[in-house]
Amino acid sequence: MAQKPKVDPHVGRLGYLQALVTEFQETESQDAKEQVLANLANFAYDPNNYQYLRQLQVLDLFLDSLSEENENLVEFAIAETNPTLCPRSIRLRCG
């Protein structure tokens with residue numbers, strides 16, 4: 001299971017999301033990637049996060065995940081890039 005990113009509590013939401021993106025990009029653990037991608041997907045449901053997710057190019061991260069060999073990453077990416085195709089229960093499975 002992935003550990004929480006080490007983030008200074010004073011960096012705020014943008015800093016936390018940046019730490020998640022960085023962890024996803026740098027980790028070799030497929031388990032950690034799944035958990036981080038699911039966490040980012042959950043953050044996408046809050047409109048207050050849109051500006052940060054856009055700034056961090058999280059949509060590109062989801063789109064890039066569509067070509068992963070890991071089926072869970074692909075599933076999470078599909079759920080977030082087109083929520084009408086996947087029920088919410090699948091999108092929140094790891095969150």
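**Helix packing in a six-helix chain**

The axes of α1 and α2, the latter spanning residues 30-43, come within 9 Å of each other and cross at roughly 150 degrees. This is a predicted model. The chain holds six helices and zero strands, and its pattern along the sequence reads α-α-α-α-α-α.

**Chain totals**

- The chain has 95 residues, and 36% of them count as buried.
- Its accessible surface comes to about 6,000 Å², with 49% of that area belonging to carbon and sulfur atoms.
- Among contacts with a separation of 6 or more, 50% are accounted for by residues 24 or more positions apart.

**α1 with α2**

- Two packed helices are described by the angle between their axes and the distance between the axes.
- For α1 and α2 the angle is roughly 150 degrees, with the axes coming within 9 Å, and the crossing is left-handed.
- On the α1 side, the contact is made by Y16, L17, L20, V21, E23 and F24.
- On the α2 side, the partners are A32, K33, V36, L37, N39, L40 and F43.
- By class, the residues of this contact divide into ten nonpolar, one polar and two charged.

**α1 with α4**

- Helix α1 covers residues 12-26 and helix α4 covers residues 58-65; their axes come within 11 Å and cross at roughly 25 degrees.
- Angles under 35 degrees count as roughly parallel, and α1 and α4 are therefore roughly parallel to each other.
- The crossing of α1 and α4 is left-handed.
- V21, F24 and Q25 of α1 meet V58, L61 and S65 of α4.
- This contact of α1 with α4 has four nonpolar residues, two polar residues and no charged residues.

**α2 with α4**

- The axes of α2 and α4 come within 11 Å and cross at roughly 135 degrees.
- The α2 and α4 crossing is left-handed.
- Helix α2 contributes L37, L40 and A41 to the contact, and helix α4 contributes V58, L61, F62 and S65.
- The residues of the contact of α2 with α4 divide into six nonpolar, one polar and no charged.

**E80 in α5**

- E80 lies in helix α5, which covers residues 71-81.
- Buried means under 20% relative accessible area; E80 has a relative accessible area of 14% and is therefore buried.
- E80 and F62 are 18 residues apart in sequence, and their C-alpha atoms are 7.2 Å apart in space.

**D60 in α4**

- D60 lies in helix α4 and counts as partly exposed, at 39% relative accessibility.
- D60 and A77 are separated by 17 residues in sequence and by 9.9 Å in space, C-alpha to C-alpha.

- Q57 lies in the loop between α3, residues 50-55, and α4.
- Most residues other than glycine have a negative phi.
- Q57 has a positive phi of about 55 degrees although it is not a glycine.
- Exposed means over 50% relative accessible area; Q57 is at 52% and so counts as exposed.

Methods
Residues numbered from 1 in each chain as written. Predicted model: local features only at pLDDT ≥ 70, side-chain atom pairs only at ≥ 80, totals over all residues. Heavy atoms only, no water. Axes fitted to C-alpha atoms, helices over the stretch in contact; angles between N-to-C directions. Helix = DSSP H or I, 4+ residues; strand = E, 2+ residues; numbered from the N terminus. Parallel < 35°, antiparallel > 145°, perpendicular 65-115°, else oblique. Left-handed = near helix turned anticlockwise from the far one by under 90°. Contact = heavy atoms within 4.5 Å. Nonpolar A, V, L, I, M, F, W, Y, C, P; charged D, E, K, R; others polar. Buried < 20%, exposed > 50% of the residue type's maximum accessible area, 1.4 Å probe, protein only. Areas by Shrake-Rupley, 256 points an atom, 1.4 Å probe, with all protein chains shown as cover.
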